[in-house]
Amino acid sequence: MGNSKAYPVLRATDAVTAYTQAKRLVELLEETEDKVWLMVELHTVAEVRRMAEVLPQGPYDYLDARRDPATGDYLRFEADVTTADLVTLEEALPLNISEEFPRGVVEDRFMAALGTGMAAIEWRGRWPEDEEAECHGTARYDGVQVVFHGEHAQWDGWAERHTVFVHTDKWGDLPRARKLAAYLGSEVVGEGQPGW
């Protein structure tokens, strides 16, 4: 059990640059899962409307947990974002999505629809064998992640910059992370963090 080790290998002020570089790293994975994990925080009705064009099925939910005052049960956002009126959406804000989707189908459109809230795209796979690496590639831990408006792999706190992470075995693999960062013309830009 445990988390992967996530190394920040690029920080950028431009979201398109971070996304493009993350996709370059994904191409280096020896194996890539058929699904991609998408997470986004939506703070305005305009952001919800843009994202609804990309991911009409969601699932959309309240960013902050809400409880029924009478029963104490957790409430779920159940309105259809494609048809909900302005008042319904304003009262529900902020909303989020955190779900798997088929890889290669929506990532470009998802990225283009982002607003100012935190968001992430995660591609899981397995790094190829590398004689200089400290660990073998492992499908359980390996992959690439781009966090928009964030500097932490676990989506902890909004930031102006966007960060690309490479994930390795839970024990870490700094030589591999350095090599992957160099491939982008960058370097490891911080300590390894707990990943997924």
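Start with Phe77: does it count as buried or exposed? Phe77 counts as buried, because its relative accessibility is 8%, under the 20% cut-off. Keep in mind throughout that this is a predicted model.

**Stop 1**

Tyr62 belongs to strand β3, while Phe77 sits in the loop between β5 (74–75) and α3 (86–92), so the pair ties together parts 15 residues apart in sequence. The total count of aromatic pairs comes to two.

**Stop 2: the sheet**

Now switch to a cartoon view and colour the strands. You are looking at an open sheet of eight strands, in the order β3-β6-β2-β7-β8-β9-β1-β10, with antiparallel pairing. Find the edges next: β3 (61–62) and β10 (193–194) each have a single partner strand, so one side of each has no neighbour in the sheet.

- Select β3 and β6: two bridges pair them in the antiparallel sense, and Asp61 has Asn96 in β6 as its bridge partner.
- Select β6 and β2: eight bridges join these antiparallel strands, and Met39 is partnered by Ser98 in β6.
- Select β2 and β7: here there are seven bridges, again antiparallel, with Val40 opposite Ala119 in β7.
- Select β7 (residues 119–126) and β8 (residues 143–148): six bridges hold this antiparallel pair. Ala120 has Val147 as its bridge partner in β8, and Arg124 stands opposite Gly143 in β8.

Next, bring in the helices on this sheet. Helix α1 (residues 15–26) packs on it, touching β1 (5–12), β2 (31–42), β7, β8 and β9 (162–168), and the direction of α1 makes about 175° with that of β8. Helix α5 (residues 174–183) also packs on the sheet, in touch with β1 and β9, and the direction of α5 makes about 20° with that of β1.

While you are here, colour β7 by accessibility. How many of its eight residues are buried? Seven of the eight are, so to speak, under cover.

**Stop 3: the nonpolar core**

Select Met51, Leu55 and Phe110. In the largest nonpolar core, which has 51 residues, these three touch the most other members. The largest share of this core, six residues, comes from α1.

Zoom in on Phe110 and show its contacts. Leaving out residues up to four places away in sequence, Phe110 touches Leu38, Met39, Val40, Met51, Val54, Leu55, Ala119, Ala120 and Ile121. Apart from this core lies another, of seven residues, including Ala6, Met118, Val147 and Ala153.

Then move to helix α2 (residues 45–54), whose buried residues are Val45, Glu47, Val48, Met51, Ala52 and Val54. What do they pack against? Their partners are β2, α3, β6 (95–102) and α4 (107–113).

**Stop 4: two loops**

Select Leu29, in the loop between α1 and β2. Leu29 is buried, with a relative accessible area of 7%. Beyond its neighbours within four places in sequence, Leu29 is in contact with Trp123, Gly125, Arg126, Trp127, Gly143 and Val144.

For the other loop, jump to Gly185, between α5 and β10. Gly185 is exposed, with a relative accessible area of 68%.

**Stop 5: charges over rings**

Finish with two arginines. Select Arg24 and Tyr183: Arg24 lies over the face of Tyr183, at 4.6 Å from the ring centre. Then select Arg67 and Tyr74: the charged end of Arg67 sits over the ring of Tyr74, 4.0 Å from its centre.

Key. Residues are numbered from 1 along each chain as its sequence is written. This is a predicted model: local features need pLDDT of at least 70, side-chain atom pairs count only at pLDDT 80 or more; totals for chains, interfaces and linings use all residues. Side-chain values use heavy atoms; hydrogens and water are left out. Two strands pair if DSSP finds at least two bridges between them. Helices (H or I, at least four residues) and strands (E, at least two) are DSSP runs, numbered from the N terminus. Contact means heavy atoms within 4.5 Å. Axes are lines fitted to C-alpha atoms, for helices over the stretch in contact, and angles run from 0 to 180 degrees between N-to-C directions. A nonpolar core is a set of buried Ala, Val, Leu, Ile, Met, Phe, Trp, Tyr and Cys residues joined through side-chain atoms within 4.5 Å. Buried means under 20% relative accessible area, exposed over 50%, partly exposed in between (1.4 Å probe, protein chains only). Rings of Phe, Tyr and Trp (its six-membered ring) pair if their centres lie within 6.5 Å; planes under 30 degrees apart count as stacked, over 60 as edge-to-face and the rest as tilted. A charge sits over a ring if NZ of Lys or CZ of Arg is within 6 Å of the ring centre and within 35 degrees of the ring normal.
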